[in-house]
Amino acid sequence: MPATPFSCSYLILQPRFNSYFNPLFRSFTYQLSTSPLSFNGIKFTAARVHSSLSPAAETDSQSGGGGRSGALSPGPIVAGEVQRIDVNPPKGTRDFPPEEMRLRNWLFNNFKEVSRLYGFEEVDFPVLENEALFTRKAGEEIKDQLYCFEDRGNRRVALRPELTPSLARLVIQKGKSVPLPLKWFTVGQCWRYERMTRGRRREHYQWNMDIIGVPGVMAEAELISSIVTLFKRIGIKESDVGFKVSSRKVLQEVLKCYSIPESLFGKVCVIIDKIEKIPVDEVKKELMAAGVSQEAVEELLQVLSVKSLTGLEEKLGSSGKAIADLKQLFSLAEKFGYSEWIQFDASVVRGLAYYTGIVFEGFDREGKLRAICGGGRYDHLFSTFGADDIPACGFGFGDAVVVELLREKGLLPDLSLQMDYIVCALDEDLQGAAAMVAHVLRKKGQSVDLVLESKPLKWVFKRAARNNAQRLVLVGSSEWQRGVVGVKILATGEQYEVKLDELI
């Protein structure tokens with residue numbers, strides 16, 4: 001059998017193996033560097049073996065010591081060197097270590113509690129959806145922000161950039177098996193490849209509340225009320241944030257005056273939504289390029305500058321549907337108790353093409369952050385998916401912007417780890433007994449940090465302080481023989497003995 005060149009590329013990943021293989025590799029490296037080796041007719045080509053263990057880890061390996069000093073260091077590599085991976089998450093995404101996870105859970109629990117208070121039921125949908133669900137109409141910015149690809153079944157799929165289309169799909173799927181009206185909410189992750197700014201990422205979590213099957217303005221009033229309730233629960237006041245409110249029907253009435261076709265309405269709204277993001281001249285150019293006359297563009301911009309219902313009536317008259325809806329909403333705001341939170345602003349149209357009526361947007365009154373939340377009525381969304389239209393409205397509320405706002409206002413809660421008990425065996429032979437103590441306490445609903453290995457008391461006390469444990473349970477030999485354990489209240493230093501079944 002002819003000799004076959006062989007390049008060794010073994011990678012020893014487990015630190016415990018290093019103590020066995022390190023001397024072997026050193027010997028192997030020396031032989032390879034001095035002369036070719038052959039074994040059973042197989043010729044080994046010369047290669048240099050690199051060790052990426054830290055000096056401390058190498059010392060630990062030579063001494064045969066335990067511990068985890070080399071746990072994250074790759075072992076020796078033959079014929080090449082493996083570079084360390086980038087330990088940061090992809091750009092625009094986040095990790096959630098324990099302290100961040102506690103904040104996220106706190107916020108999500110507030111989302112869910114407000115939804116419960118308003119009688120909404122929780123739903124959820126796949127993060128991965130059919131791409132066609134999000135490519136409804138031309139001109140939407142969101143189409144250019146999709147994370148989309150073709151799967152192995154040649155299907156076009158996308159990570160959801162928002163939640164409303166998925167909700168519409170589920171409503172259509174359920175059909176008449178679910179009685180209207182529906183009051184559904186969800187908290188889900190969304191993905192958009194967009195330019196990042198403060199509070200804007202490429203992935204975020206979003207709280208949505210939607211009412212399906214109610215055509216009247218009462219639904220929008222209820223939704224805004226729920227957001228105000230959330231703000232109050234987390235410490236945000238009307239002096240911190242407000243809501244800009246308008247109606248897409250305002251634009252419809254202006255466009256009708258200039259014989260702009262209905263088919264252009266969604267595209268015009270998407271362009272106008274950029275009015276605070278790009279120069280006004282650019283907005284004008286885009287509107288005229290879309291087929292809106294210069295005269296109509298000037299009239300639109302004048303109407304969009306109106307900041308009061310009185311001013312709007314002067315422009316459009318008082319008989320239109322837009323004026324009637326807005327007046328009703330402001331009247332209901334007084335009944336709900338949040339009239340000081342809302343204001344009329346004709347420039348608010350929202351950037352999604354499916355909105356049809358009242359639209360609203362939560363904003364930071366200091367103007368430091370982008371929109372905190374937004375929503376409105378979308379009575380014609382279902383027909384874009386081939387179903388009969390159902391009156392509907394809802395909102396989306398992202399997690400990233402409101403956390404920035406809470407940080408800005410000094411309102412982030414203290415969410416340090418809290419533990420009821422820490423349980424420690426004073427003798428290695430009593431670890432089973434300590435496990436029994438932990439089991440009894442956990443059955444009673446107590447949170448317990450069980451010390452899983454033999455540790456000095458100094459270490460145990462430090463851990464108890466770090467975890468904010470309220471009590472320390474020490475399982476000692478003589479006490480256990482008497483059927484008791486020692487308990488120390490860490491805040492006061494009080495100590496006592498108690499029987500196992502009497503532990504609270």
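Leu 426 counts as partly exposed because its relative accessibility is 48%, where partly exposed lies between buried (under 20% relative accessible area) and exposed (over 50%), with a 1.4 Å probe and protein chains only. The model is predicted, so that local features need pLDDT of at least 70 and side-chain atom pairs count only at pLDDT 80 or more, while totals for chains, interfaces and linings use all residues. Residues are numbered from 1 along each chain as its sequence is written, and side-chain values use heavy atoms, with hydrogens and water left out.

Leu 426 is situated in the loop between strand E17 (419-425) and helix H13 (431-443); helices (H or I, at least four residues) and strands (E, at least two) are DSSP runs, numbered from the N terminus.

Two asparagines have a positive phi. In Asn 154, phi is near 60°, and this residue occupies the loop between strand E8 (147-150) and strand E9 (156-159). Asn 154 is exposed, because its relative accessible area is 60%. In Asn 468, phi is near 55°; the residue lies in the loop between helix H14 (457-466) and strand E19 (469-475). With 30% relative accessibility, Asn 468 is partly exposed.

A cis peptide bond, with omega near 0°, joins Leu 180 to Pro 181. Pro 181 belongs to the loop between helix H4 (164-174) and strand E10 (182-191). Most residues other than glycine have a negative phi, and most peptide bonds are trans.
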